[in-house]
Amino acid sequence: LIEQAKQAETAIGLEQKKASLLASLKQYWDGMVAGDLRISYDLHDPFYRARMPYEAYALQRGRIVYHRYEIEGVETVGNEASVKLTVNYEIPKLQILGREESVPPRDFPIEDTWLFIDGGWYRKYVDAMSGGSSIKY
């Protein structure tokens, strides 16, 4: 597996690999800001997508509205990248147990893991509540 990773890295070059990561990051977060769940779903790792159909993914996303994002840092080791971002989001008014609740716009730091698989970068799905994932790397 390590030899395959070295060959893939040599084949496309480190700079091209990083440029590809940044393009995937931009596509994912631009999709989130635009509310385009299909884009974000398609950029999740294939192991997650194999277990979670798009319709179920769209239902579980909730009502979070993303306004903007800023990439703070990217660290790549082999076929895995750690990305630090700040996202600005809000949760519009909704009814919870008969009470109206909302979260006003706020900045929130997050850290994403991206995986280089078959020549492309995919966001590793990690459940926010349990920390679980469809893949162990």
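Colleague: What makes the charged end of Arg-38 count as sitting over the ring of Tyr-54?

Modeller: In this predicted model, the charged end of Arg-38 is 3.9 Å from the centre of the Tyr-54 ring. The distance cut-off is 6 Å, and the charge must also lie within 35 degrees of the ring normal. Arg-38 is listed as sitting over the ring of Tyr-54.

Colleague: Where does the charged end of Lys-17 sit?

Modeller: Over the ring of Phe-116, with 4.7 Å to the ring centre.

Colleague: Why is the pair of Trp-29 and Tyr-66 called what it is?

Modeller: The ring planes of Trp-29 and Tyr-66 stand at 75 degrees and the centres are 5.5 Å apart. Centres within 6.5 Å make a pair, and an angle over 60 degrees makes it edge-to-face, so Trp-29 and Tyr-66 are an edge-to-face pair. The pair joins distant parts of the chain, with Trp-29 in helix H2 and Tyr-66 in strand E1, 37 residues apart.

Colleague: How do you know whether Trp-29 is buried or exposed?

Modeller: Buried means under 20% relative accessible area. Trp-29 has 2%, so Trp-29 is buried. Tyr-66 has 14%, so Tyr-66 is buried too.

Colleague: What makes the pair of Trp-29 and Tyr-69 stacked, tilted or edge-to-face?

Modeller: The planes of Trp-29 and Tyr-69 are 35 degrees apart, with 6.3 Å centre to centre. Stacked needs under 30 degrees and edge-to-face over 60, so the rest are tilted. The pair of Trp-29 and Tyr-69 is therefore tilted.

Colleague: Which residues do ring pairs link into a cluster?

Modeller: Tyr-28, Trp-29, Tyr-66, Tyr-69 and Trp-114. The structure holds 10 aromatic pairs.

Terms used. Residues are numbered from 1 along each chain as its sequence is written. This is a predicted model: local features need pLDDT of at least 70, side-chain atom pairs count only at pLDDT 80 or more; totals for chains, interfaces and linings use all residues. Side-chain values use heavy atoms; hydrogens and water are left out. Rings of Phe, Tyr and Trp (its six-membered ring) pair if their centres lie within 6.5 Å; planes under 30 degrees apart count as stacked, over 60 as edge-to-face and the rest as tilted. Helices (H or I, at least four residues) and strands (E, at least two) are DSSP runs, numbered from the N terminus. Buried means under 20% relative accessible area, exposed over 50%, partly exposed in between (1.4 Å probe, protein chains only).
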